[in-house]
Amino acid sequence: MLLAALCPGSGVHAGNDRQLVALINDLRQSSTGCGGRPVEPVAPLAPDERLARVRVASEAQLQAALRQAGYRAAKVQVIAVSGPRDAATALRAIKQRYCRELLSAQFAEIGVLRLANSWQVVLARPLSFASLGDWQAVGRAVLAQVNQARAAPRRCGERAFTAAPALTWDARLAKAALLHSRDMAEHDYFSHRGRDGSYADLRATRQGYRWRRIGENLAAGQNSVEQVVAGWLSSPEHCANIMNPRFTEMGAAYVLNPKSSGGSYWAQLFGTPR
């Protein structure tokens, strides 16, 4: 359990800052790591309201606050800065000292608390992972959540999307998603590039899917459909895939491996057939 120094704030306005979460997730999708070194993108962080309610200044307070919020964490870090007036400035201040933590694959969820010009970010990973049941039923639950999101206008970072038609389930896309999730879980890695060098387009083709457009969202570390979709929607790039009106079909799957660094691995494939 890690704890960063908490700077005191004097503001009166409290609440989550979705823009900071989106900026952090955008950073996690960047191919430029700390110090400008190239890195593999990491999974988006899913917002968790319990983490956003945590306010601490010491490790003892952190443990008590997490218990009170009902969050059981295997790993957690609290980062705070005081002074920035907007999310972009807050991210720059946090990145200067905690870039590696922001880009760590060991974290899966996030809570942000803003009090005037004081910002607190809680990064965490759930303590344990429980089976959610049949992967196809879970995949279809992801589809339902995605279609609910597409039913209303939404901003994905700087991009505005109108409501989009509902996607339909495709078993071939789902099978491709399952195989890639399983490969990541069994071999403990996270990447759009498979160990055989394949990407989503080739993996879909292998399952007999003849496509005009293809897209893929990945996630790791979340243990519910709601959390994994919330993470995608809080990441501009993943959100844009979900809201893209040119996609018409989808498949999704998840695989658990508690012994791996990710714990849970999720894949979501979007397609437009020929």
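This is a predicted model: local features need pLDDT of at least 70, side-chain atom pairs count only at pLDDT 80 or more; totals for chains, interfaces and linings use all residues.
Two residues lie between the strands of the hairpin, where A116 takes a positive phi near 55°.

Strand β4 spans residues 118-126, and nine of its nine residues are buried, so the strand is largely enclosed by the rest of the structure. In a regular strand, side chains alternate between the two faces of the sheet. In β4, S118, Q120, V122, A124 and P126 point one way, while W119, V121, L123 and R125 point the other way. Residues of both sets are buried, including the charged R125.

Helix α8 covers residues 225-233 and is mostly covered, with seven of its nine residues buried. The buried positions are V225, Q227, V228, V229, G231, W232 and L233.

Helix α9 (residues 236-243) is likewise mostly covered, with seven of its eight residues buried. These are P236, H238, C239, A240, N241, I242 and M243.

## Packing of α5 against α9

Two packed helices are described by the angle between their axes and the distance between the axes. For helix α5 (residues 135-150) and helix α9, the angle is about 85° and the axes lie 9 Å apart. This angle makes α5 roughly perpendicular to α9, because values from 65 to 115 degrees count as roughly perpendicular.

On the α5 side of the contact stand V146, A149 and R150, which meet N241, I242 and M243 of α9. By class, the contact has four nonpolar residues, one polar residue and one charged residue. The three α9 residues named here, N241, I242 and M243, are also among the buried residues of that helix.

## An aromatic pair beyond α9

The count of aromatic pairs in the model comes to two. One of them is formed by F247 and F270, whose rings are stacked, 5.3 Å centre to centre with 20° between the planes. This pair links distant parts of the chain: F247 lies in the loop between α9 and β9 (249-257), whereas F270 belongs to strand β10 (residues 263-273), 23 residues apart.

Both members of the pair are covered. F247 counts as buried because its relative accessibility is 5%, and F270 is buried as well, with a relative accessible area of 0%.

## W266 in strand β10

Strand β10 also holds W266. This residue is buried, with a relative accessible area of 1%. W266 and L256 are ten residues apart in sequence, and their C-alpha atoms are 8.9 Å apart in space.

## H180 in helix α6

H180 lies in helix α6 (residues 171-187). At 2% relative accessibility, H180 counts as buried, since the limit for a buried residue is under 20% relative accessible area.

Leaving aside residues up to four places away in sequence, H180 touches Y189, S191, H192, R193, G194, R203, E216 and L218.

How values were computed. Residues are numbered from 1 along each chain as its sequence is written. Side-chain values use heavy atoms; hydrogens and water are left out. Buried means under 20% relative accessible area, exposed over 50%, partly exposed in between (1.4 Å probe, protein chains only). Helices (H or I, at least four residues) and strands (E, at least two) are DSSP runs, numbered from the N terminus. Axes are lines fitted to C-alpha atoms, for helices over the stretch in contact, and angles run from 0 to 180 degrees between N-to-C directions. Angles under 35 degrees count as roughly parallel, over 145 as roughly antiparallel, 65 to 115 as roughly perpendicular and the rest as oblique. Contact means heavy atoms within 4.5 Å. Rings of Phe, Tyr and Trp (its six-membered ring) pair if their centres lie within 6.5 Å; planes under 30 degrees apart count as stacked, over 60 as edge-to-face and the rest as tilted. Two strands pair if DSSP finds at least two bridges between them.
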